[in-house]
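Here is a brief report on one protein model. It covers the pocket, the fold and a surface patch.

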Amino acid sequence: SLFADARHRTAASMATGSAALGIILEKIASKDKDFRYMATSDLLAELSKENFRAAPDVERKVCAVVLKQLDDQSGDVSSLAVKCLPPLVKGASERAAEEV
């Protein structure tokens with residue numbers, strides 16, 4: 001059915017997005033500010049996608065990381081993290097959005 005097909009595409013998209021986010025989250029933990037900046041930029045790109053959705057466990061990690069990035073010692077990283085907030089809140093579940 002059309003509904004089942006759409007649900008399958010959404011689940012597949014969520015799995016792909018979650019895998020990409022997992023890799024980005026690993027890079028954000030780097031001690032190198034340039035890696036953190038690029039990973040935060042990649043995160044912003046993922047969050048800004050029209051169909052952004054993450055699995056609940058990944059969504060919680062993303063919210064925690066973005067909030068931590070706001071206090072990053074690099075002003076460039078923290079400024080970019082601020083730009084992540086609107087698309088994060090827009091694409092996150094209500095529960096995660098309230099935490100942010």
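## Largest pocket

The lining of the largest pocket has four nonpolar, three polar and three charged residues (nonpolar: Ala, Val, Leu, Ile, Met, Phe, Trp, Tyr, Cys and Pro; charged: Asp, Glu, Lys and Arg; polar: the others, Gly among them). The lining residues are Leu25, Ile28, Ala29, Ser30, Arg36, Val65, Lys68, Gln69, Asp72 and Gln73. H3 gives the largest share, three residues. Helix H1 (2-28) and H3 each supply at least two.

The volume of this pocket is about 170 Å³. A pocket is an open set of points on a 1 Å grid over the protein atoms alone, where a 1.4 Å probe fits, with protein on both sides within 12 Å along at least five of seven lines; lining residues have an atom within 4 Å of a point.

## Model and fold

This is a predicted model; local features need pLDDT of at least 70, side-chain atom pairs count only at pLDDT 80 or more, and totals for chains, interfaces and linings use all residues. Residues are numbered from 1 along each chain as its sequence is written, and side-chain values use heavy atoms, with hydrogens and water left out.

The protein has five helices and zero strands (DSSP runs: H or I, at least four residues, for helices; E, at least two, for strands). Of its 100 residues, 35% count as buried (under 20% relative accessible area, 1.4 Å probe, protein chains only).

## Surface patch

Leu67, Val89 and Val100 form a nonpolar surface patch. Together they have about 180 Å² of accessible area (Shrake-Rupley method, 1.4 Å probe).

Leucine 67 lies in helix H3 (residues 56-69). Leucine 67 is partly exposed, at 32% relative accessible area (partly exposed lies between buried and exposed, the latter over 50%).

Notes. Patch = residues over 30% accessible without salt bridge, like charges linked within 9 Å, V, L, I, M, F, W, Y side chains within 5 Å. Salt bridge = Lys/Arg side-chain N within 4 Å of Asp/Glu carboxyl O. Points joined across faces, edges and corners; volume = space filled by probe spheres on them.
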